[in-house]
Amino acid sequence: MGRFHRHADGTVRDDSDVEGHDHDHRDVGDHSGYDSGPLRVEVLERILGENDRTAVANAEDFASAGVSVVNLMSSPGAGKTLLLQRTLERIAPTRRIGIVEGDIETSLDADRLTGLGAAVSLVNTGNGFGGECHLDATMVRSALPRLPLAELDLVIIENVGNLVCPAEFAVGEHARAMVYSVTEGEEKPLKYPVMFRAVEMVVVNKVDLLPHLDFDLDLFLANLADVNPGVRTVLTSARTGEGVDAWCAWLAGITAG
Ligand SMILES: Nc1nc2c(ncn2[C@@H]2O[C@H](COP(=O)(O)OP(=O)(O)O)[C@@H](O)[C@H]2O)c(=O)[nH]1
Ligand SMILES: [Mg+2]
C-alpha cells in the first residue's frame, strides 16, 4: 500500500453507500503534474477499488451481527479519546460497545479506553500496515476478530489522528463523525473540505477553553456550512462533560440499516 491520496479538488464524495460506488469512474484527482501521472492514477484506482470491496465485506459482517458502526475522525489531539472515555462512562452500562482504536504506534489510547465496559481492539498501522496515516477497510477488518461482534450494539472506530487521509477511505461504517477542537481555528473547513464534507456530525470540542481564546464560533460554523450545509453539530467539553449527552443521543440514533 503506497501513500496515495486523493486531492481536495472540490468534488463531493459520498461513501455512505459503499456498495453504490462506480468503481470504473473514481475521482482520483489530477496527477498530470507528475511524469508518473498515469501510473499513479492506475495504482490509486486499484487501491481505492480494493478498499471499497473490503468495506462492503465489513458492512456485510456488521449487518449480519446487527451492529451499528461509527467512524470517528479528527486532527491529532482534538479530543477523540477523551470524548470516548466520557461516552463509555455514559452509555457502556446500557449498550454493548466495541471500540476499534487506530493509532500509528502505541497502545496508549487503547489503554485509556480499557476498563470502561467496552471491548477494545487496537490497530497499530505501524505494525504491518506501513505506518499509514488513516485506517482503511482492511485495517478495520483485521480488528474485527478481536471483537465479539454478534454481542455488540455499537462499534466506534477511533481513526488515526489526521485531518485529510481518514476521510478518503470507507471502512463499512454507517455514519461518520469528527471531533473539532476550538483551538484549531475558524478556517479549517475551507482548507480541509474533504474531511468536513465526509461527515454527518461535527463535535465542536474544548468549549471550556473558549473564554481564553479568540476563536470566533459563528465564523467557524459559517465556514462549516459553506462546505457541508446541513451537517449536524454539537458543542462539547470532554473535560467538563458539557454536551456529551447530546453527542450520545446522536450516537443512539445511528442504526445498522
Ligand atoms: N480543555 C480541554 N482539553 C481537552 C478536551 N478534550 C480533550 N482535551 C485534552 O486534549 C488532549 C488531547 O486529547 P485526546 O483525547 O488524546 O485527543 P485525540 O488525539 O483526538 O484522541 C488531552 O490532553 C486531553 O485531556 C476538552 O474538552 N477540553
Ligand atoms: Mg486518541
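Author: Two strands count as paired if DSSP finds at least two bridges between them. The model discussed here is predicted.

Reader: How many bridges join β2 to β4?
Author: Two bridges are enough for a pair. β2 and β4 run parallel. The number of bridges joining β2 to β4 is five.

Reader: In β3, which residue is the bridge partner of Ile99?
Author: β2 also pairs with β3, in the parallel sense. Six bridges make up that pairing. The partner of Ile99 in β3 is Val120.

Reader: How many residues of strand β2 are buried?
Author: Strand β2 covers residues 97-103. In a regular strand, side chains alternate between the two faces of the sheet. On one side of β2, Ile97, Ile99, Glu101 and Asp103 are buried; on the other, Gly98, Val100 and Gly102 are buried too. Both faces are covered, and the count of buried residues in β2 is seven of seven.

Reader: What is the order of the strands in the open sheet?
Author: The chain has eight helices and seven strands. The open sheet has seven strands, and their pairing is parallel. Its order is β3-β2-β4-β1-β5-β6-β7.

Reader: Which strands stand at the edges of the sheet, and why is one side of each left without a neighbour?
Author: An edge strand here has a single partner strand, so one of its sides has no neighbour in the sheet. Neighbouring strands of this sheet are turned against each other by 20° on average, direction ignored. The edge strands are β3 (119-124) and β7 (232-235).

Reader: In β7, what is the bridge partner of Val202?
Author: Strand β6 spans residues 201-205. Four bridges join β6 to β7, and the two run parallel. The partner of Val202 in β7 is Thr233.

Reader: Against which elements do the buried residues of α1 pack?
Author: The buried residues of α1 include Leu48, Asn51, Phe62 and Ala65. After the helix comes Gly66, with a positive phi near 70°. The packing partners of the buried α1 residues are β1 (68-73) and α4 (137-143).

Reader: Why does Ala57 count as partly exposed, and how many C-beta neighbours has it?
Author: Ala57 lies in helix α1. Its C-alpha is 8.6 Å from that of Arg141, although 84 residues separate Ala57 and Arg141 in sequence. A residue needs 20 or more neighbours to be buried, and 12 or fewer to be exposed. Ala57 is partly exposed because its number of C-beta neighbours inside 10 Å is 16.

Reader: Which residues does Leu144 touch, not counting residues up to four places away in sequence?
Author: Leu144 sits in the loop between α4 and β4 (154-158). With 18 C-beta neighbours inside 10 Å, Leu144 counts as partly exposed. Its C-alpha is 8.1 Å from that of Val100, 44 residues apart in sequence. The residues touching Leu144 are Asp61 and Leu149.

Reader: What distance separates the C-alpha atoms of Gln85 and Thr114?
Author: Gln85 is in helix α2. Leaving out residues up to four places away in sequence, Gln85 touches Arg112, Leu113 and Leu116. Thr114 is 29 residues from Gln85 along the chain. Their C-alpha separation is 9.1 Å.

Reader: Which helix gives the most to the shell around ligand 1?
Author: Among the 18 residues around ligand 1, Gly79, Lys80, Thr81, Leu82 and Arg239 come nearest. By class, the shell has six nonpolar, seven polar and five charged residues. With three residues, the helix that gives the most is α2 (residues 80-91).

Reader: What share of the 257 residues of the chain count as buried?
Author: Take contacts with a separation of 6 or more: residues 24 or more positions apart account for 75% of them. For burial, a residue needs 20 or more other C-beta atoms within 10 Å of its own. Of the 257 residues, the buried share is 42%.

Key
Residues are numbered from 1 along each chain as its sequence is written. Chains are lettered from A and ligands numbered from 1 in the order in which they are written. This is a predicted model: local features need pLDDT of at least 70, side-chain atom pairs count only at pLDDT 80 or more; totals for chains, interfaces and linings use all residues. A residue is near a molecule or strand if its C-beta atom, placed from the backbone, lies within 6 Å of it. Ala, Val, Leu, Ile, Met, Phe, Trp, Tyr, Cys and Pro count as nonpolar, Asp, Glu, Lys and Arg as charged, and the others, Gly among them, as polar. Two residues are in contact if their C-beta atoms, placed from the backbone, lie within 7 Å. Axes are lines fitted to C-alpha atoms, for helices over the stretch in contact, and angles run from 0 to 180 degrees between N-to-C directions.
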